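My notes are below, in the order I checked things.

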Amino acid sequence: MSELLSSLVAKGLAADPEDPVTRAEALAVLATGDDDLLDVVAAAGRVRRRWFGHRVKLNYLVNLKSGLCPEDCFYCSQRLGSRADVLKYTWLSAQDAADAAAAGVAGGAKRVCLVASGRGPTDRDVDRVAGVVEAVRERNPEVEVCACLGLLRDGQAARLREAGVDAYNHNLNTSEATYQDICTTHEFSDRVDTVRQTQGAGLSACSGLIAGMGESAEDLVDVALELRTLDPDSVPVNFLMPFEGTPLEGTWELTPAKALRILAMVRFVHPDVEVRLAGGREMHLRTLQPLALHCANSVFLGDYLTSEGQAGRSDLEMIADAGFVVEGTSTDTMPAHRQAVVPRKRGAGTEVAPNA
Ligand code: SF4
């Protein structure tokens with residue numbers, strides 16, 4: 001055990017792409033027992049603090065369009081024919097979206113994620129989102145804006161970038177081998193293509209996974225490694241919320257300890273990348289949530305996407321009690337050596353110089 005953790009920490013502190021954590025090492029993290037859990041989290045914490053200190057970046061979701069999706073992602077309460085009890089509405093007005101975003105910023109959020117259900121946007125939808133971005137920025141000029149609109153077609157990523165969007169979220173969710181077990185209306189390769197398109201347009205790529213959908217440890221490691229190949233700037237880790245009325249209703253495979261091991265594995269595989277604690281954290285980590293902050297450096301604030309999160313205030317208390325601080329807007333999230341590849345500043349094609 002100590003040999004494994006020493007190797008993971010050494011590799012994590014170096015973050016040398018030529019000497020990455022191996023598949024066997026990542027699998028070994030997931031195979032550790034509960035008696036070793038605190039050692040695993042402490043090792044992940046050393047890597048996390050090397051690149052992100054004690055900072056926690058807060059993110060806030062604004063649901064622009066909810067439900068009524070023609071796709072059939074098995075985990076999603078907004079899928080075609082879902083009987084889940086979620087709000088269904090088409091396109092929030094730009095002002096309502098800006099109001100919601102401002103509430104998140106007031107709660108400490110540094111990034112606002114504008115989310116719309118659906119397979120992907122039409123060009124008209126992209127124009128609509130451009131109007132939302134303008135309204136959000138009028139109220140909060142410094143906020144980072146991420147869009148999450150589904151699969152993109154040629155030219156749409158560039159249009160979003162021109163509109164002032166900083167980042168684009170599109171998760172791989174699970175391994176290529178099990179993708180057909182969670183969705184039949186699009187393919188894993190479609191998702192990979194969209195992540196590549198966003199990077200090609202100069203958007204900061206955000207792409208992560210969902211754990212607890214019936215996948216094996218190998219699948220979890222495979223999706224983490226596939227994400228490493230894509231080299232996103234942020235990796236959200238979701239834990240399945242098995243909504244009633246979806247095919248994965250009743251799927252309860254996670255324990256707080258297992259969720260922590262998954263987060264630690266993702267941290268070791270992505271040592272210097274923003275690892276975000278996302279959906280299902282309250283449900284699955286429960287009282288161990290503060291330990292998760294030693295693995296993840298980013299978290300969704302308050303209630304998010306079709307579910308109730310902890311109220312913002314208790315999140316802030318948890319962060320402070322665990323010895324972490326909320327990351328301010330004037331601080332770069334990413335380590336200096338990644339600044340050159342993260343187009344954080346707005347404006348098409350603009351790159352940020354390394355802040356050595
Ligand atoms: S495409 Fe998005 S909104 Fe539609 S079912 Fe899949 S995850 Fe849900």
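**Ground rules.** I number residues from 1 along each chain as its sequence is written. The model is predicted, with local features needing pLDDT of at least 70, side-chain atom pairs counting only at pLDDT 80 or more, and totals for chains, interfaces and linings using all residues.

**Annotated span.** I found "domain: Radical SAM core" placed at residues 54-281 by an unreviewed UniProt entry. UniProt positions are in the numbering used here, feature names are shortened, and annotations may be inferred rather than shown by experiment. The span is 35% helix and 18% strand, and its end C-alpha atoms lie 19 Å apart. Helices (H or I, at least four residues) and strands (E, at least two) are DSSP runs, numbered from the N terminus.

**First set of sites.** I looked up the "binding site" annotation (unreviewed entry) that lists Cys-69, Cys-73 and Cys-76. Cys-69 sits in the loop between strand E1 (55-65) and helix H4 (94-106), and Cys-73 is in the loop between E1 and H4. I call a residue buried if 20 or more other C-beta atoms, placed from the backbone, lie within 10 Å of its own. Cys-69 has 22 such atoms and is therefore buried; Cys-73 has 21, so Cys-73 is buried. Contact means C-beta atoms, placed from the backbone, within 7 Å. Not counting residues up to four places away in sequence, Cys-73 touches Arg-79, Ile-182 and Cys-183. On that basis the contacts of Cys-69 include Ser-117 and Gly-118.

**Second set of sites.** Another "binding site" annotation (unreviewed entry) covers Cys-113, Cys-146, Cys-206 and Arg-276. These are spread over 164 residues of sequence but cluster in space, with a largest C-alpha distance of 13.7 Å. Cys-146 lies in strand E3 (residues 144-148) and is buried, with 21 C-beta neighbours inside 10 Å. Leaving aside neighbours within four places in sequence, Cys-146 contacts, among others, Cys-113 and Cys-206. Arg-276 is in strand E8 (residues 274-277) and is buried, with 24 C-beta neighbours inside 10 Å.

**Helix pair.** I checked helix H2 (residues 23-30) against helix H9 (residues 256-269): their axes come within 8 Å and cross at roughly 160°. Axes are lines fitted to C-alpha atoms, for helices over the stretch in contact, and angles run from 0 to 180 degrees between N-to-C directions. H2 and H9 are therefore roughly antiparallel (angles over 145 degrees). Ala-26, Val-29 and Leu-30 in H2 meet residues of H9 including Arg-261 and Phe-268.

Terms used: Parallel < 35°, antiparallel > 145°, perpendicular 65-115°, else oblique. Contact = placed C-beta atoms within 7 Å. Buried ≥ 20, exposed ≤ 12 C-beta atoms within 10 Å, placed from the backbone.
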